[in-house]
Amino acid sequence: MRNYDASDPMSIFSFSGSLLGHTLAEIIPYVDDSVSIESLNQDGKGGLGVLVEKHFFGYEPNSDPRPDFPEAGVELKVSPLKKSSKGEYKIKERLVCDMIDYCALVEENFEDSRFFRKSMLMLIIFYLHVSGCPKRDLQFLYSVLWRIKDKDLLIIKEDFRIIQEKVRQGLAHELSEGDTMYLGACRKGQKGQAQRKQPNSPVLANARAFSFKPAYMRTILDFVRNSGNAMASNLNEDEMPGIELVSAADLINDSFETVLRKRFAPYIGMDYVQISKSLGVEINPSEKSKYATIARRILHHGLVSENSAEELRKSGIKIKTIRLQKNGTVKEHMSFEGINYKEVLETDDWIDSKWYEIITTRYMFVVFREVEDDNWTDEPRYVLDKMFFWTMPASDYSLAEEYWNNIKANVLADTLLNSDGGERANTFWSLRDNRFFHVRPKARNADDVTYSPISNTPVPKKAYWFDNRYLRKKLINAYGPDWDKLFNHRSI
């Protein structure tokens, strides 16, 4: 029996609780005994979400620009989780909100937009994704009634403006999820599908949709888990924000990134010793990560890790320090997280891969440049030279996709051992290939191994890496004419 008030958000939210711990096949007979279990196997646009709308809540899916429950102003979203090897539930993918109509977008005001009307109050029902399992047998785990409010609303409004402005400039074909913080413009449709017209440019653009990024979805999942219950609402309860890098008042006058750039400006030209003294913090000279530590301290005196900062946690922005040597080369290659071979195996489209999330992440690059100083005898002297935000340009995606496909091919062939000959030697890209990305070990020692998802045999832990040549190329672009003044050459 469907017993809820479609005009009351809390009533809709409360009714959703009867799904939790159950599958549609288990709960529908109690909600509507006229629905056959066989009909729940049908496919359709939206998949499981359509079945929940139609058979659990009892309304026909539609293309109405209003929220799914217009009287309550609530939009229903059904979102998958995956279970890690440690048994933890994790966000599987971004939350798609609404397709972007490029031509209509340039004329919209944020508060009058279709996205705003549909996405400010969402009922998000999380379920456990199991590959190959019929939709009717997927289990629902959590329900969250989530309002976009306060500082999140200000940041999302700025994200909307950034996407809108890029489309106005005729650059819809260059949109990237890394352009923004919480709200992204994600790719939709399969590779090779028809592209869309955009205003102010004859270039066709891939279809995209407004979406909340995986990092933002992780904070919503953390909110309900930290509540101690399977249901949680932020209507009358605030989440635990952690360290706040900027305030709502800051965002009235400046964007988030502008505020942080201003924070670094006073320390340009200073080394880590001078900066630490100015900040009143102690930095251990022998600490390998001292440059990353000083960058975090500039952002906030008490910032120990990125995840402890509310805005970095929600946006997924990563801080990366780069040491630029006096000859214009980047001192080190840049590592990212370890490659989860099981995740690669189970991912059909690279757009849904962890690697794609890495390359569409927004990065805060903090550059320390080596300078001559005879008084520094134990180590080279590096001074803070530049801080800028960076996202991989779409022009590099083709090579990034080729890189991921190579990794996937090795996983499928179960060739994950070292590339030193032998029947199961891999063909991972290496530094010798000079292709800007490479695969190399990132483990504590030789005994720190993972396992092949094909044969379950122990194999070396590897990670995603950017070559230092690739980083140098991006620094040349970021420095512009100043690069020639510093190094007098532009060769790569």
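Please keep in mind that the model is predicted. Strand E9 (residues 208-212) has 5 of its 5 residues buried, and the second largest pocket has a volume of about 520 Å³.

**Strand E9 and its partners**
- On one side, E9 points Arg-208, Phe-210 and Phe-212, while Ala-209 and Ser-211 point the other way; all are buried.
- Strand E3 (residues 95-99) runs antiparallel to E9 and is joined to E9 by 4 bridges, with Leu-95 partnering Phe-212.
- Strand E6 (residues 183-187) also pairs with E9 in the antiparallel sense, over 5 bridges, and here Arg-187 stands opposite Arg-208.

**The second largest pocket**
- Of the 27 residues lining this pocket, Glu-158, Ile-162, Asp-179, Glu-257 and Arg-362 are the closest to its centre.
- Helix H6 (150-168) gives the largest share of the lining, 8 residues.
- Helix H8 (248-253) and helix H9 (256-264) each supply at least two lining residues as well.
- Sorted by class, the lining holds 11 charged, 10 nonpolar and 6 polar residues.

**Ser-113**
- You will find Ser-113 in the loop between helix H4 (102-105) and helix H5 (114-119).
- Ser-113 counts as buried because its relative accessible area is 0%, against a cut-off of under 20%.
- The side chain of Ser-113 reaches the backbone oxygen of Phe-110 at 2.7 Å.
- Leaving aside residues up to four places away in sequence, Ser-113 touches Glu-108 and Phe-160.

Terms used. Residues numbered from 1 in each chain as written. Predicted model: local features only at pLDDT ≥ 70, side-chain atom pairs only at ≥ 80, totals over all residues. Heavy atoms only, no water. Buried < 20%, exposed > 50% of the residue type's maximum accessible area, 1.4 Å probe, protein only. Polar contact = N/O pair within 3.5 Å; in protein donor to acceptor, adjacent residues only side chain to side chain. Contact = heavy atoms within 4.5 Å. 1 Å grid on protein atoms, 1.4 Å probe; cavity = no way out; pocket = protein on both sides within 12 Å on 5 of 7 lines; lining within 4 Å. Points joined across faces, edges and corners; volume = space filled by probe spheres on them. Nonpolar A, V, L, I, M, F, W, Y, C, P; charged D, E, K, R; others polar. Pairing = 2+ DSSP bridges.
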